[in-house]
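Colleague: Hi! Could you walk me through this one?

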Amino acid sequence: ASGAQGPALVEGVGLGMAGADSDDSLYPIAVLIDELRNEDVQLRLNSIKKLSTIALALGVERTRTELLPFLTDTIYDEDEVLLALAEQLGNFTMLVGGPEYVHCLLPPLESLATVEETVVRDKAVESLRKISHEHSPVDLEVHFEPLVKRLASGDWFTSRTSACGLFSVCYPRVSSTVKAEIRQHFRTLCSDDTPMVRRAAASKLGEFAKVLELEYVKSDIISLFTALASDEQDSVRLLAVEAGVSIATLLPQEDLETLVMPTLRQAAEDKSWRVRYMVADKFSDLQKAVGPEITKNDLVPAFQNLLKDCEAEVRAAAANKVKEFCENLPEDSRETIIMTHILPCVKELVSDTNQHVKSALASVIMGLSTILGKDNTVEHLLPLFLAQLKDECPEVRLNIISNLDCVNEVIGIRQLSQSLLPAIVELAEDAKWRVRLAIIEYMPLLAGQLGVEFFDEKLNSLCMAWLVDHVYAIREAATCNLMKLVEKFGAEWAQNTIVPKVLGMANDPNYLHRMTTLFCINALSEVCGQEITTKHMLPVVFKMSNDQVANVRFNVAKSLQKIGPVLDSNCLQTEVKPVLEKLASDQDMDVKYFAQEAISVLSLA
Amino acid sequence: SALAMSSAATTPPSVDKVDGFSRKSVRKAKQKRSQSSSQFRSQGKPIELTPLPLLKDVSAQEQPELFLKKLQQCCAVFDFMDTLSDLKMKEYKRSTLNELVDYVTVSRGYLTEQAYPEVVKMVSYNIFRTLPPSESNEFDPEEDEPTLEASWPHLQLVYEFFIRFLESQEFQPSIAKKYIDQKFVLQLLELFDSEDPRERDYLKTVLHRIYGKFLGLRAFIRKQINNIFLRFVYETEHFNGVAELLEILGSIINGFALPLKAEHKQFLVKVLIPLHTVRSLSLFHAQLAYCIVQFLEKDPALTEPVIRGLLKFWPKTCSQKEVMFLGELEEILDVIEPTQFVKIQEPLFKQISRCVSSPHFQVAERALYYWNNEYIMSLIEENSNVILPIMFTSLYRISKEHWNPAIVALVYNVLKAFMEMNSTLFDELTSTYKSDRQREKKKEKEREELWKRLEDLELKRSLQSDGIIPT
């Protein structure tokens, strides 16, 4: 298909000859390269993905001298192909002859690191980082570092962007002269006039700081950090926030106040909400990095401001961190800080105008009870939980209910149960099926915490109602829920409460409900055990094998296959087998199919 | 309303917005949404402005002084999300702005040197603000209402005033350039991300005027637009003002001197062509295609890189985009020079042949419409010995297989046209069709065998290296 494009070598070399060659290592490269050049992108992509196979066929020497030069020269292809190539080359060291020759992989990866498409470039950088570790220190200086320098001074922004990710992998293993050059290059890129490059540099600043000697962190990195954190573009400033956290972990406590805190304080009050969002999002890491004293003096007021921010995005991000922040406060003043500074803000957020803020808060607020203990929880937190349980937004209520276990440990769930019930009932009947689905998933947890009595009295009827929901996903989840409940409350409970109701549905006029009986039996037979299954369930299944709807009948076959392992062999032979045989001669082909399948799986043939 | 975060957000999917059953348009049927700058942090304090006399009520000598005072008053910015606060003062500022608009339109001799910094200051205070987070994660112009700027009653007048100021006969760029500088332009460009189409429309005029009057800023503006586009393509895929910026560029390109500078060619190949890859192409495709054609009309030698670029980024899965690409390609072919056509006809018609056989009938139909274009037909005719063999297989196959009768009918016409153009070649291709297919199948089989052998080899090697079979 590609003879026209192929190199001159191809002539006279048919595909057949390749196979006729008895020596495996002598596959003509032209044939293989022809595959890499196929006109059909998909075939090219397939070939590239099997590049290691091709290299293996060629052997290490020809891979180095023929395949790699070809790959380097022909890098103009679809990005998808280039992506696959960039990935392959990261695992190619052994195929070119081991670490001694790993530098042969640099030229094609260098080209790939300059292409336009971000995913390709990122993958090339990833592979370069990977193989950098396989270079000896000498090769790193002779081959790898010059490549980084070339990329760092490339004309188009793409190569400079890629360079940013390579400094930190070579820095630790080169001589001090080269180190100085690398620092200089990084500095230059931090003030590049293309914002894309500054963003790349800002995102790698923390990583680079980690491999630098402390003196250079103080002399070089801090000034770069300060500059990037006050960049004219907020997209650059927000990346500096994360770098700031990494830098703070590297510096001794006494330097933090002068070197990083002014900049971080400024970021927490940045005029762009994106930057403030980033601060909120990284707040726990920041807290760990700066230690207890700065946390008390600086971070507490900053956190209060973020919780009161004018943008919902920022408030939601901060609300997400409430528990973690409180947990990590220094123990000696934890309770005081929470009660006097944090809790008042939290109270405000409970009635926030934005549902995402409330819902973010609801997902963590319960965790405060373990930190504050029983009395504070009852007095201060309980009213908030109750308010959130009545929130108009279902997600808020769900988040509270899904975290009940934290409160249960501290004050027991009884305190909440009166308010809990209306909230659960309302969610159980929500018009949106995904909300109903979510609450079903918490049922086993709730049942465990509320106890069997409360459950039978208040929640059992809900669980049964879901079995006849008009959405299949809900019926399915309800089935699975029953199984988990039986695991919790035991077979006897099942026999007395749910099994009769489930079996009653077998007479429902709606065939979907009749099938639900079968699905429940599938789920319950194992947890209920042989006796209940044989005595109570099996007769109902048999009766349904005469159902006029074929779907019910073939589900009978499937059910029998499913519950077969629970039954004893006598029952299987004398009772199940005749029913399945009858179904195997059903008029409907699906019924026949599933009956036959059941017969063979249960070895009843 | 969904939380939107351009880069780092990992908001979990919220339960209430993923119900697949209600149509998006039903779900979004809320009241018109509006938003305001994120700079208001419950300031609380009411704003007090002391009413000033009207400009027309004072003497000509006093007017410049009063003009400055009014500009200073209009620097006060009000919170429009709070519809009840400062009602009287909001109304006062509105009428003052109206007065200022009229004043700069008709007055003579008002523009003293001292007025420039005050005008720029007033405009900056009002229009430059951090845009709030977007309400919708994925803005769909066909379904979603844009979020409108709440402070528009003032903002519109400020823009109006600024444009009249820039267009005023007394306006002197040599003085203004001290205040309308790179930083100003950068902030102006950021505003193009505004979700409010009314604001973007005004911004377009403002930027156009600035580009026209400040020669020293031109290269800078172009470079910053480059950066916005590159970020849009390779980083965020989100920027509301792409169409507006492209519209401005369309007229800028029109004015490029010949021969084109390397910078401009690079912009075409490295920025405009990759813009085709963006998911929301339909929002700005018309403007983009216009820019591309402008370039080609300036310098036909760019045809080959442009078409090769389009072919490289040809949509793989999105049929709507494919139809857009075909439309743009036809616009390009309308102005192509025959010498350029010859250079790219092979890869081009390989793609067209794939489009013609698309199972999506709109794609196939759009490609087949090329044969209704007289100019394209004449190019095909001149080169039928190259194009016919490329197209023949697809056409022949579709004429027998395509599910859509309209497509089959169109294909018959195309085949007929080819037959009339070059009957000898047509007959030859018809007679070898079967044997060609067989040859292809044979090759396909050989390829499979090759790979199978290679895989066996790999398996053997790995077994050897694991010591399972001896070497």
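Colleague: What stretch of chain A does the UniProt domain annotation cover?
Modeller: In this predicted model, the unreviewed UniProt entry places "domain: Phosphatase 2A Regulatory Subunit A helical" on residues 105–286 of chain A. UniProt positions are given in the numbering used here, feature names are shortened, and annotations may be inferred rather than shown by experiment.

Colleague: How much helix and strand is in residues 105–286 of chain A?
Modeller: The span is 79% helix and 0% strand, and its end C-alpha atoms lie 39 Å apart. Helices (H or I, at least four residues) and strands (E, at least two) are DSSP runs, numbered from the N terminus.

Colleague: What are the confidence numbers for chain A?
Modeller: Its mean pLDDT (the predictor's confidence in each residue, from 0 to 100) is 88, with 94% of the residues at 70 or more. Residues 1–26 of chain A have pLDDT below 50, though the model gives this stretch 37 contacts (heavy atoms within 4.5 Å) beyond near neighbours in sequence. Where pLDDT is low, the predicted coordinates should not be read in detail.

Colleague: And what does chain B average?
Modeller: Chain B averages 86, and 87% of its residues score at least 70. Over residues 1–32 of chain B the pLDDT stays under 50. For the complex, the predictor gives an ipTM of 0.81 and a pTM of 0.80.

Colleague: Switching to packing: at what angle do helix 23 and helix 25 of chain A pack?
Modeller: About 115°, with the axes of helix 23 (residues 368–389) of chain A and helix 25 (residues 404–411) of chain A 9 Å apart. Axes are lines fitted to C-alpha atoms, for helices over the stretch in contact, and angles run from 0 to 180 degrees between N-to-C directions. Helix 23 and helix 25 of chain A are therefore roughly perpendicular; angles under 35 degrees count as roughly parallel, over 145 as roughly antiparallel, 65 to 115 as roughly perpendicular and the rest as oblique.

Colleague: Which residues meet there?
Modeller: Among them are Leu382(A) and Phe385(A) from helix 23 of chain A, and Val407(A) and Ile411(A) from helix 25 of chain A. The residues of this contact divide into 7 nonpolar, 4 polar and 2 charged. Here Ala, Val, Leu, Ile, Met, Phe, Trp, Tyr, Cys and Pro count as nonpolar, Asp, Glu, Lys and Arg as charged, and the others, Gly among them, as polar.

Colleague: What about helix 22 and helix 24 of chain A, what's their angle?
Modeller: They pack at about 5°, with axes 8 Å apart, which makes them roughly parallel. Their contact has 3 nonpolar, 3 polar and 2 charged residues.

Colleague: Which peptide bond is cis?
Modeller: The one from Leu258(B) to Pro259(B), with omega near -10°. Pro259(B) lies in the loop between helix 10 (242–254) and helix 11 (262–272) of chain B.

Colleague: And what's the phi of Ser603(A)?
Modeller: It is positive, about 50°, although Ser603(A) is not a glycine. Ser603(A) is in the segment after helix 34 (589–601) of chain A. Most residues other than glycine have a negative phi, and most peptide bonds are trans.

How values were computed
Residues are numbered from 1 along each chain as its sequence is written. Chains are lettered from A and ligands numbered from 1 in the order in which they are written. This is a predicted model: local features need pLDDT of at least 70, side-chain atom pairs count only at pLDDT 80 or more; totals for chains, interfaces and linings use all residues. Side-chain values use heavy atoms; hydrogens and water are left out.
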